[in-house]
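Hi,

Here is the structure I promised to pass on to you. Have a look at it first, and then read on for my notes on what turned up.

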Number of protein chains: 2
Amino acid sequence: MTTYNINVTLSTAKKEKPQAEKLQFGKTFTDHMFILDYSVDIGWHDARIIPYQNISLDPASAIFHYGQSVFEGLKAYLTKKEQVLLFRPDQNFKRFNQSNDRLCIPHIDEDLALQALKQLIQVDREWIPKAADTSLYIRPFIISTESYLGVAPSTHYQFIIILSPVGSYYKEGLSPIKISVENEFVRAVAGGTGTAKTGGNYASSLKAQQQSGEKGYSQVLWLDGVERKYIEEVGSMNIFFKIDGEVVTPMINGSILEGITRKSILQLLRYWGVPVTERRISIDEIKQAYVDGKLEEAFGTGTAAVIAPVGELFWNNEKMTINNGQTGEVSQKLYDTLTGIQTGALEDPFGWVVEVPSIKYFSPIESQDMIEIP
Amino acid sequence: MTTYNINVTLSTAKKEKPQAEKLQFGKTFTDHMFILDYSVDIGWHDARIIPYQNISLDPASAIFHYGQSVFEGLKAYLTKKEQVLLFRPDQNFKRFNQSNDRLCIPHIDEDLALQALKQLIQVDREWIPKAADTSLYIRPFIISTESYLGVAPSTHYQFIIILSPVGSYYKEGLSPIKISVENEFVRAVAGGTGTAKTGGNYASSLKAQQQSGEKGYSQVLWLDGVERKYIEEVGSMNIFFKIDGEVVTPMINGSILEGITRKSILQLLRYWGVPVTERRISIDEIKQAYVDGKLEEAFGTGTAAVIAPVGELFWNNEKMTINNGQTGEVSQKLYDTLTGIQTGALEDPFGWVVEVPSIKYFSPIESQDMIEIP
Ligand SMILES: Cc1ncc(COP(=O)(O)O)c(C=O)c1O
Ligand SMILES: Cc1ncc(COP(=O)(O)O)c(C=O)c1O
């Protein structure tokens, strides 16, 4: 494996860490960040860890005008034995490059990205919260930074990683959410950017999300943009249903995001011998299964919540209550197993978790060390 | 009309102005910019003109992650009599707010925006190029600036206007472009963000644009995302065809951007008594008209090029040469009339142009004057 030189400048002033009970998702950031620059002449260069700080950009920078951005989201967990574990980070960086492709952004070196991430976590290791169900949320992202108003792929980019300690997604154990089927707005369509994790997809989802919130639902269930009848995904999660003993989830179709949690769940279910199918699922089929008493469970899957059981599904002015609004058996078992593996409490038969080796002391004074990590 | 107080800080160091022949689109910016801040607690506030400068943002700012951005594009022209004219700026700010709506961004006050623009142009008036066919390109835009990684409408925004002197779009008079019909990628679909001028739409267009460029075409002609057969628009332009004496253009359908040039052309053609229809147009119909020798003209319409005659249309490995690859009569007449009105050379029977009044001297020293403009 190539080792990369990452220049490290440590922060002299350390921020106060929030108390575990007060952790809010994505509002607090650690003391450092990783940055890598790109210019079309020299490629990716100048890998560095620096104190967390503002980015200064020309107002004509492409990111402000033409939305060329991609991001990823994953988590680091502290085990009981104080090891730091990442969950399938290779998958995130692979998807990152798939997103980059779609947006005409140059590939990053996935090994460098993983090494940079490990090293950044080592530097900010004290920021990983210890309380049960907490974690360190990791946000790698790329922005286009050329100062030019022409609609063209940018000639300059920055790849950045920031870290945010996050609390438990569920205050008191798994608790089902209510979601509403979206009939007016469309998230993505084949030939568009639905399979990429790019900013524009999230901006376009806000309006539906807002209207759903006003009706008392926490997320929307997206239907396909062509026939407006096939189920796609939920907010920032993929969706699964258990119908008459079989687990089903929408197939990869060129418009949904292929979640890493989704992928892992498919593998787990198959490992357990639970019947599971990836296929087209119409909203009418779900309704029919509900009417027939065969809609046994529904759950969203994603990095933030891991598993989000769906207790109520709203469609065309009708409410479908699923499993009496309670967390289903499969949902609970998947949640327990996945979070168990992620936090090191359960054995990992799939080779999913990756340990961030602990390293020696980072001097808390400003330094310009070249540090190589294994 | 309300007058707004806009705080003006003039730049002490003036940049060198590029020579007219060397002007490139969107690469050079004037000495000043306009900024207006928004926070959910106090609304839009702190309108100010300041020296053109970098923006400093937290790396967790929403704009870098969830693409909540909208923009506009329009031009100011210097007339032979040294008047400064804007072309239908009210329409741009109206569309701006329509885009804001779709992206859950708070409305701006359209009067304030226009006054701010006028005043910014007054401050940077010397930057408006004088040579024939040059203009000052105006880029108003909004970015989301809250430091928060949750997918939700941002609580903070900045509305910014920057100005860029631009050269002639055509080096030697109107010259037809070659475009290719896009079969793989989709720009937008009803229920998505196609009608809004938001960054994500442009990011998603780059890949098709790039592939089209590799085949020697300068823009792509988008088809609808549902049936993949109806014509939508071209790159950053709307599209018109003249078939058997009638001018046709795709109707407003929830996925194309309603161009202000398109709107103006429809008005002009109707004023002239030329038969014109807004309706669904399939690519097969265009092909058939071509085969029948009835495809007389095709042209794109947008702020940058005003009119871009289409000399060649490529679809499914076949080339359709339109009007022998020459600029058609209607295209030429529309171009001459529109640019004539825009530059003050022709009378404006529609009340489209808005003059930016010239004002007294702006002291070139740093100042904090409150200036009211009429
Ligand atoms: C649109 C969308 N779908 C699905 C997912 C789930 O993906 P993952 O399981 O990799 O977190 C996410 C979150 O990343 C998402 O944003
Ligand atoms: C996608 C798209 N369509 C059409 C247009 C033409 O609009 P207008 O005539 O207002 O410039 C533009 C340019 O603004 C555009 O970006």
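B:Cys104 counts as buried, because its relative accessibility is 12% and the cut-off for buried is under 20%. You will find B:Cys104 in chain B, in the loop that joins helix H1 (89-102) to helix H2 (110-123). Its backbone is worth a look as well: phi is positive, about 60°, although B:Cys104 is not a glycine. Most residues other than glycine have a negative phi. Please keep in mind throughout that this is a predicted model.

Chain A has a case of its own. A:Asp133 is another residue other than glycine with a positive phi, here near 70°. This residue also sits in a loop, the one between H2 and strand S8 (135-144) of chain A. Is A:Asp133 buried or exposed? With a relative accessible area of 51%, A:Asp133 is exposed, since the cut-off for that class is over 50%.

Staying with charged residues, there is a negative surface patch to show you. Which residues form it? The members are A:Asp90, A:Asp109, A:Glu110 and A:Asp111. Of these, A:Asp111 belongs to helix H2 of chain A, which covers residues 110-123. A:Asp111 counts as partly exposed, because its relative accessibility is 38% and that class lies between the 20% and 50% cut-offs.

For a contrast, go to A:Val234 in strand S12 of chain A (residues 231-234). The relative accessible area of A:Val234 is 1%, so this residue is buried. A:Ile179 is 55 residues away from A:Val234 along the chain, yet the C-alpha atoms of the two are separated by 8.2 Å.

Finally, some overall numbers for chain A, in case you want them for setting things up:

- Secondary structure: six helices and 20 strands.
- Extent of the C-alpha trace along its principal axes: about 65 × 55 × 40 Å.
- Burial: 60% of the 374 residues are buried.

How does the radius of gyration of chain A compare with that of a compact globule? For 374 residues, a compact globule would come out near 21 Å, and chain A has 21 Å, so the two agree.

Best wishes

Methods:
Residues are numbered from 1 along each chain as its sequence is written. Chains are lettered from A and ligands numbered from 1 in the order in which they are written. This is a predicted model: local features need pLDDT of at least 70, side-chain atom pairs count only at pLDDT 80 or more; totals for chains, interfaces and linings use all residues. Side-chain values use heavy atoms; hydrogens and water are left out. Patches are made of residues with over 30% relative accessible area and no salt bridge: like charges are joined within 9 Å, nonpolar side chains (Val, Leu, Ile, Met, Phe, Trp, Tyr) within 5 Å. Accessible areas come from the Shrake-Rupley method with a 1.4 Å probe; for residues, only the protein chains shown count as cover. A salt bridge is a side-chain nitrogen of Lys or Arg within 4 Å of a carboxyl oxygen of Asp or Glu. Lys and Arg count as positive and Asp and Glu as negative; His and the chain ends are not counted. The place of a charge is taken as NZ of Lys, CZ of Arg, CG of Asp or CD of Glu. Helices (H or I, at least four residues) and strands (E, at least two) are DSSP runs, numbered from the N terminus. Buried means under 20% relative accessible area, exposed over 50%, partly exposed in between (1.4 Å probe, protein chains only). The radius of gyration is taken over C-alpha atoms; the globule rule is 2.2 Å times the number of residues to the power 0.38.
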